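Please read these notes alongside the model.

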Amino acid sequence: MQDRELQRHSHKQSISLEIAARNIEDLGNEMTAILSEAKHVANEMAIPAEFKTSRRRKRPRRYIADLDASDDHDQEQGRSNANFWLVARSWRLPARRYTSSGDKVQPADEENAPKHLLPFEKQFQQIAQLSLQDCELPAKHPLENITEDEAVQINAEPPLPACSNTLKHYVEQSETLRQLVLLGVDLSKLEQRPNVGNMLIRLDFEKDIKEKLLFLKEVGVLENQLGPFLTKNPFILTENLEDLQIRVSYLKSKKFTNTAIARIISKAPYLLNFNVERIDNRLGFYQKELGLSKQKTMNLVTRLPRLLTGSLEPVKENLKVYEIEFGFHKNEIQHIISMVPKVLTANKKKITGIFDYVHNTMGVPHHMICRFPQVLNCKLLRIKERHLFLKYLERAQYDPSLPNYVSLDRLATLTDEVFCREIALATVKDFEIFQKTL
């Protein structure tokens, strides 16, 4: 209820202010018209008709200083002269002498005469130049009642909500949000994250965002990837540009190529939010824990950039699982990780189930799994169905020293058509019928 009253109060206030502005504008127009008419009348009354003579006709000179002495004589000259003397006496002009030059009467001492003595010219110009701001009009109260006709004539835009759960109310008013939408940023995802909406509204596109976008393009982020990049990491817009440049320079100092840097930044958007010390600690962790060389460590993080930004707890846990539960040696773990980096961040339950079925059920030894580590990154259901089908056909042979040998790589990676034609020597229809029996 309070929000509605505030909105109604602000709407009435905006309506009253617009009506007051229109009244001031109308009053200013009326004043301009009155002043122009007064100026025209003053020009006609400024010089008597008897002064407007031809060049050859000579008339006696008269002085305005003699106005008081010639009142009786001027009252008999007609209405035009009477009006002239009346205006002249009311203004109390000082003594001024005029000379005739054709049809135009000019002051003889115009160069030395004060500017305010020109006949009403300067005074009316000053009055005409008055702005509406100089007009002191009584201000109307914001809650003053207006008629229905006045309310209908007012085109007042609804005020922006003081708070909202969505950014759609602010897109039309915010240049920053409009530009982000054009880049492909998904505002529906960003508005669900705490404090991100308020951050975006406060940013200026030209000052805070444009230079960051140009920097991302320079380091190799494609233009069509800028929208998804900012959707994942909008906080990069609040980072200092110099800090971003320092972090990229650090990667270059570690001999990362421009292509590798572009891939790492595109696949791991939060990397540029990390300071140099944190990035260096991550690289040192993988090099020390895995016992890899500098070049192999660089290749590892290039193939899986999220290793630099993700949590280290799953990595530490999986390393213990491979060594303690699975029984792999250090060199075997290095080979598996170098071939399939995803096993470092894989789900523990998934890789445990795959290893248990391949090693204990299918009877594949450690060195064969280490030779074909892709099997640890495959779906357990696919391995299980194909092994049982080969076992049903009596072709489940995984020892390379025996005939009809089936490699784990082909078992896990081939399509159903190729698997049935080259390994099972059966049709896909037979394989599908067998799957229904499981």
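At what angle do the axes of helix α15 and helix α16 cross?

1. The axes of α15 (residues 313-325) and α16 (residues 330-339) cross at roughly 130 degrees and come within 10 Å. That makes α15 oblique to α16, a class left over once angles under 35 degrees count as roughly parallel, over 145 as roughly antiparallel and 65 to 115 as roughly perpendicular. Axes are lines fitted to C-alpha atoms, for helices over the stretch in contact, with angles from 0 to 180 degrees between N-to-C directions. The crossing of α15 past α16 is right-handed (the near helix is turned clockwise from the far one by less than a right angle).

2. This is a predicted model, in which local features need pLDDT of at least 70 and side-chain atom pairs count only at pLDDT 80 or more, while totals for chains, interfaces and linings use all residues. Residues are numbered from 1 along each chain as its sequence is written, and side-chain values use heavy atoms, with hydrogens and water left out.

3. On the α15 side L319, Y322 and E323 meet K330, I333 and I337 of α16, contact meaning heavy atoms within 4.5 Å. The residues of this contact divide into four nonpolar, no polar and two charged (Ala, Val, Leu, Ile, Met, Phe, Trp, Tyr, Cys and Pro count as nonpolar, Asp, Glu, Lys and Arg as charged, the others, Gly among them, as polar).

4. Rings of Phe, Tyr and Trp (its six-membered ring) pair if their centres lie within 6.5 Å; planes under 30 degrees apart count as stacked, over 60 as edge-to-face and the rest as tilted. The count comes to nine aromatic pairs. F326 and F328 are edge-to-face, at 6.3 Å centre to centre and 80 degrees between the planes. F328 and F355 are also edge-to-face, at 5.6 Å and 65 degrees. Because F328 lies in the loop between α15 and α16 and F355 in helix α17 (residues 348-361), this pair ties together parts 27 residues apart in sequence.

5. Both F326 and F328 are buried, and F355 is buried as well; buried means under 20% relative accessible area, exposed over 50% and partly exposed in between (1.4 Å probe, protein chains only). Elsewhere, F389, Y392, F419, F431 and F434 form one aromatic cluster.

6. In helix α14 (residues 294-303) the buried residues are T297, M298, L300, V301 and T302. Their cover includes α12 (258-267), α13 (276-289) and α16.

7. The chain has 22 helices and two strands, taken as DSSP runs numbered from the N terminus (helices H or I, at least four residues; strands E, at least two). Buried residues make up 35% of its 438 residues.
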